[in-house]
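Below is a set of questions and answers for someone meeting this structure for the first time. Each answer ends on the value or name asked for.

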Amino acid sequence: MQNLFNFLLKHSSWFLFIFYLIISLSLLFSSNSYQRSVYLNSSNQVVGNLYTLSGEVKSYFDLGSVNKDLSNRNAELEKRVFELQEKLEAINANGVDTTYADSLVRSNYHFIPAKVVNNNVNQLENYITLNRGRLDGVEKDMGVIDHNGIVGIVSSVSDHFCVVISALNTKLRLSAKLKNTDYFGSLVWDGISPENILLEELPRHVVFNAGDTIVTSGYSTVFPEGIMVGTIEESEKQHNDNFFRMKVRLATNFYRLRNVRIIKDKYNAERKALEDKSIAK
Amino acid sequence: MTSITFKYIFSFLFYLLLQVLILNNLYFLGWATPYLYVYFLMTLPRELSKNMQLTIGLLMGLGLDIFSNTLGMNMTACVVIMFFRPYLLNLFGSREDEYDVPSFRTFGVGAFLRYATLMVLIHHITLNMVQFFTLHNFSHLMLRIISGSLLTLILIALIEFFKMTKR
């Protein structure tokens, strides 16, 4: 007994090593440890606040380019307002009752503006921390976009912060399609360049050219249809089947992500409840 | 003794925050990121018990993982290098020498660089293997390991060089 005890004590570092390794690896490979451990990720209060602080400092470094982006966007919107106004006036002049038209096109979506407090692009599984949380109306599985295109999907929420699975995450798959067609495929990141993403499983008979636009398909409730993803850079056949795989240049610049919007589908809960009810019957 | 303990607690926090707030945002050539916290783990006092070293490694890894949302990833890499550390120390620092912490001065430049290279390589290989567990893009994996290790080693050598000339 004494010998056994001595043996264990002498080699305690081996046992401790194996014990620690098991802890680490089980945390790593337990399927959804990420969602379960609300406190062990950057949406927790301490880490969130620290990232907010450093995000504020960092945001001063690219004020110039952010400013340029915003003023470009502003100009675009002004132009659009002008165009719409002209159209509206034309319709009014034709004597069509616009109040009826308005009530048909109701806007299902509303946007929660948020600031990026932390963002990574150099891992294989990248996550983004935003400064909006449950108290601001953010919920799990909401889509996130910036003024250029898609950013990611909310994966966990605390009171004041939320963590977003970046589109640059090898575990995320999003549905997307060629603009102005109904051919859709699945977007996935290959972990290599933060500027490109792959569109897979696109049928081989689809005709397209480099430079064509890829947008979200709208088949899930996460993103509305037609949100910009990027443009086709090049394509290759997948070795074994009838699908295309193409390299898409992302419209979003993940290196400088600052101001984003979280998409809230106003009728999501209602729609889900209705669907559940019909399935139950 | 307590003042030294405080010093190490402070530098633990310093390297942790340096890594998550600044270094994790560097992508040299698009992907190479230096992992300087390995330097903190490398230069812990030799007298620390092996169990203590493993525990410090585990805590450092946990801290990094909480910040970068990669639970278990850095933990594995840190625990693995802290396990190998005592053996590497015996390999490169001659036993007769009286020394407390490994450095250019106590080990000599060549031996310290060899020790640092091995530590950094073991760390990067473990970390990247764990990250790439499901991917088979071998050349990209090697590229990440080599570029990241080189960048980390250059930083470590620079810090050691300044520490040596200061005295």
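Q: Is the crossing in which H2(A) passes H4(B) left-handed or right-handed?
A: This is a predicted model, in which local features need pLDDT of at least 70, side-chain atom pairs count only at pLDDT 80 or more, and totals for chains, interfaces and linings use all residues. Residues are numbered from 1 along each chain as its sequence is written, chains are lettered from A and ligands numbered from 1 in the order written, and side-chain values use heavy atoms, without hydrogens and water. A crossing is left-handed if the near helix is turned anticlockwise from the far one by less than a right angle, and right-handed if clockwise. By that rule, the crossing of H2(A) and H4(B) is left-handed.

Q: At roughly what angle do the axes of H2(A) and helix H4 of chain B cross?
A: Axes are lines fitted to C-alpha atoms, for helices over the stretch in contact, and angles run from 0 to 180 degrees between N-to-C directions. Helices (H or I, at least four residues) and strands (E, at least two) are DSSP runs, numbered from the N terminus. The axes of H2(A) and H4(B) (residues 73–92) come within 8 Å, and they cross at roughly 160 degrees.

Q: Which word describes the direction of H2(A) relative to H4(B)?
A: Angles under 35 degrees count as roughly parallel, over 145 as roughly antiparallel, 65 to 115 as roughly perpendicular and the rest as oblique. The crossing angle here is roughly 160 degrees. H2(A) is therefore, relative to H4(B), roughly antiparallel.

Q: How many nonpolar residues are in the contact of H2(A) with H4(B)?
A: Contact means heavy atoms within 4.5 Å. Residues taking part include A:Trp14 and A:Phe17 of H2(A) and B:Met73 and B:Phe83 of H4(B). Ala, Val, Leu, Ile, Met, Phe, Trp, Tyr, Cys and Pro count as nonpolar, Asp, Glu, Lys and Arg as charged, and the others, Gly among them, as polar. The contact has two polar residues and no charged ones, and its nonpolar residues number 14.

Q: How is H2(A) oriented to H3(B), roughly parallel or roughly antiparallel?
A: H2 (residues 12–29) of chain A and H3 (residues 50–68) of chain B have axes 9 Å apart and pack at an angle of about 15 degrees. Their crossing is right-handed. The two helices are therefore roughly parallel.

Q: Which residue, 117 positions away in sequence, lies 5.5 Å from B:Leu151, C-alpha to C-alpha?
A: B:Leu151 lies in helix H7 (residues 138–166) of chain B. Leaving out residues up to four places away in sequence, B:Leu151 touches B:Phe28, B:Ala32, B:Thr33 and B:Pro34. The one at 5.5 Å and 117 residues apart is B:Pro34.

Q: What percentage of the residues of chain A count as buried?
A: Buried means under 20% relative accessible area, exposed over 50%, and partly exposed in between (1.4 Å probe, protein chains only). Chain A has seven helices and 12 strands. Of its 281 residues, the buried share is 40%.

Q: What is the relative accessible area of A:Asn180?
A: A:Asn180 sits in the loop between strand E6 (174–178) and strand E7 (184–188) of chain A. Its phi is near 70 degrees, a positive value in a residue other than glycine. A:Asn180 is exposed, and its relative accessible area is 75%.
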